[in-house]
Amino acid sequence: MRPGVVAVGLVSLSLLLLGAAAPGDAPPLPALLADTGGGTQLITAQAPRPDSTSGTVTWWDLRNGQWVKAGSTPARFGAKGLVDGASRKQRTNTTPAGLYDLPFGFGIKKAPSGTAVAYRPVRENSWWCQDNDSRAYNRWTEPRPSDCRAAESEHLISYETQYAYALVIGFNYHKPVRGRGAGIFLHVNGRGATAGCVSVPRDAMRRILQWAEPGKKPHIAVGTAGGATVITRY
């Protein structure tokens, strides 16, 4: 084999190992985003259009300055598609587009082996308060406080399939704006589109929990391939 061919082959192999795009290939999606959260792990949840109810979730690692795909899976979104998180309204069955942190994981099932993120077990008295009139709005509560109406909240243990494993998406979480929305999670698929969450198959949710490392500041970017909610703006 000619030396020049060997050299070219070694360069190509090195690019692949580093996760860099070969000449002519599109760069990895995280490299196109306006912000990735400042960490070295990222989940992208991308739908084709704002009215889509399905798309793709991919999780990525930043290695040697290059984003490398760690896994990918089909995903589901809100029954009414996606809207910009800053203008989303509660009870619209829309998934909020934007860049968010992942405060903690939870589940009815025990955390998968190797899970490093904080993980809360769902118990009989575990609720997520979505009552706009409650001081506990958009918060996990045990038990449900008296000012948080059950009809306006989720009794987590009632969602045996969806909340077998989940991660909280930090939408409207740190400084909640009432009426914008509460209880937005990355969780296991139910029967169809979600009420605003992002969902994936059960095995994929387990793998994401095993992959996420708090020290690497994992975030999730949610958006579309084009339009006002294009994922690259976040």
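Is Arg-135 buried or exposed? Arg-135 is exposed, with a relative accessible area of 77%; exposed means over 50%, buried under 20%, and partly exposed in between, using a 1.4 Å probe and protein chains only.

## Basis of the model

This is a predicted model, in which local features need pLDDT of at least 70 and side-chain atom pairs count only at pLDDT 80 or more, while totals for chains, interfaces and linings use all residues. Residues are numbered from 1 along each chain as its sequence is written, and side-chain values use heavy atoms, with hydrogens and water left out.

## Overall make-up

The protein has two helices and 14 strands. Helices (H or I, at least four residues) and strands (E, at least two) are DSSP runs, numbered from the N terminus. Of its 234 residues, 47% count as buried. The accessible surface is about 11,200 Å², and carbon and sulfur atoms account for 52% of that area; the areas come from the Shrake-Rupley method with a 1.4 Å probe, and for residues only the protein chains shown count as cover.

Contact here means heavy atoms within 4.5 Å. Among contacts between residues at least 6 apart in sequence, 62% join residues at least 24 apart.

Strand S1 (residues 41-47) pairs with strand S2 (residues 54-63) in the antiparallel sense over six bridges; two strands pair if DSSP finds at least two bridges between them. Gln-46 has Thr-56 in S2 as its bridge partner. The hairpin from S1 to S2 runs through six residues.

S2 is also joined to strand S3 (residues 66-76), by 10 bridges and again antiparallel. In this pairing Asp-61 has Val-68 in S3 as its bridge partner. Two residues lie between S2 and S3 in their hairpin, and Asn-64 in the turn has a positive phi of about 50 degrees.

## The S9-S8-S10 sheet

Three strands make an open sheet in the order S9-S8-S10, with antiparallel pairing. Strand S9 (139-141) and strand S10 (153-155) are at the edges with a single partner strand each, so one side of each has no neighbour in the sheet. Neighbouring strands of this sheet are turned by 25 degrees against each other on average, direction ignored; the axes are lines fitted to C-alpha atoms, for helices over the stretch in contact, and angles run from 0 to 180 degrees between N-to-C directions.

Strand S8 (residues 127-129) and S10 pair over three bridges, and Trp-127 stands opposite His-155 in S10. Thr-141 lies in strand S9 and is buried at 8% relative accessibility. Leaving aside residues up to four places away in sequence, Thr-141 touches Asn-125, Ser-126, Trp-127, Cys-129 and Ala-136.

## Salt bridges

The structure holds 10 salt bridges, each a side-chain nitrogen of Lys or Arg within 4 Å of a carboxyl oxygen of Asp or Glu. Arg-63 forms one with Asp-61, the closest N and O atoms being 3.6 Å apart. Arg-63 is partly exposed at 46% relative accessible area, whereas Asp-61 is buried at 8%.

Arg-233 forms a salt bridge with Asp-84, with the closest N and O atoms 3.5 Å apart. This pair links distant parts of the chain, 149 residues apart: Arg-233 is in the segment after strand S14 (219-224) and Asp-84 in strand S4 (residues 82-84). Arg-233 is partly exposed at 45% relative accessibility. A further salt bridge joins Asp-147 and Arg-135 at 3.4 Å, N to O. Here Asp-147 is in the loop between S9 and S10 and Arg-135 in the loop between S8 and S9, 12 residues apart. Asp-147 is partly exposed at 23%. Salt bridges with shared partners join Asp-131, Asp-133 and Arg-149 into one network.

## Aromatic pairs

There are 10 aromatic pairs. Rings of Phe, Tyr and Trp (its six-membered ring) pair if their centres lie within 6.5 Å; planes under 30 degrees apart count as stacked, over 60 as edge-to-face and the rest as tilted. The rings of Phe-104 and Trp-128 have centres 6.3 Å apart and planes at 35 degrees, so this pair is tilted. Phe-104 is buried at 10% relative accessibility, and Trp-128 is buried at 1%.

Tyr-163 and Phe-185 form an edge-to-face pair, 5.5 Å centre to centre with 85 degrees between the planes. Tyr-163 lies in the loop between S10 and strand S11 (166-168) and Phe-185 in strand S12 (residues 185-188), 22 residues apart. Both residues, Tyr-163 and Phe-185, are buried. One aromatic cluster includes Phe-104, Trp-128, Tyr-163 and Phe-185.
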